[in-house]
Amino acid sequence: MEVDEHNRSDFEKEEEEEDDSVSDLLRDRFRLSAISIAESEAKRSGMEISPPIVACIADLAFKYIGQLAKDLELFAHHAGRKSVTMTDVIVSAHRNQHLAASLRSYSDELKAKEPQSDRKRKKVPRKEDKGIDRMVNIPDL
């Protein structure tokens, strides 16, 4: 299905351009961070790394993160949720056993540090609440 440029509103065009500029900004910041990390790791290891290689790795990592974000969104949607959970992140790493184990360990550490009173509790329905539709509160991120 082709989008006819003449039928799109100016608002839609501006919104798409804004989304593109935000995406470009994120990509550039990610790339700079990846370059900085690669350079500091190379320096720490006493190695040199070629700038074109660092740029290629940064671009590949950015594409991978974009695909990972889509996968996480699909996992949450499949589970009937609007937000991604730590479980979704762990499931996304299922092909890399070492990474999945590290994520599980990190998740357990976070849960252990969380105060008991702050942990979410499932509501037990009371008899008088049976007629009320089930409501779910999902905080905005």
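**View 1. The fold of the protein chain.** Four helices and zero strands make up the elements of the chain, which run α-α-α-α from the N terminus on; helices are DSSP runs of H or I with at least four residues, strands are runs of E with at least two. Of the 141 residues, 10% are buried, meaning under 20% relative accessible area with a 1.4 Å probe. The chain exposes about 13,100 Å², of which carbon and sulfur atoms supply 55%, as computed by the Shrake-Rupley method.

**View 2. A patch of negative charge on the surface.** Asp10, Glu14, Glu17, Glu18, Asp19 and Asp20 gather here; patch residues have over 30% relative accessible area and no salt bridge (a Lys or Arg side-chain nitrogen within 4 Å of an Asp or Glu carboxyl oxygen), and like charges, placed at CG of Asp or CD of Glu, are joined within 9 Å. Asp19 lies in helix 1 (residues 10-45) and, at 48% relative accessibility, counts as partly exposed, the class between 20% and 50%.

**View 3. A nonpolar patch on the surface.** Ile49, Ile53 and Ile57 together have about 250 Å² of accessible area, their nonpolar side chains being joined within 5 Å. Ile49 is placed in the loop between helix 1 and helix 2 (51-78), and its relative accessibility of 33% is why Ile49 counts as partly exposed.

Residues are numbered from 1 along each chain as its sequence is written, and side-chain values use heavy atoms, without hydrogens and water. In this predicted model, local features need pLDDT of at least 70 and side-chain atom pairs count only at pLDDT 80 or more, whereas totals for chains, interfaces and linings use all residues.

Methods
Areas by Shrake-Rupley, 256 points an atom, 1.4 Å probe, with all protein chains shown as cover. Lys, Arg positive; Asp, Glu negative; His and termini not counted.
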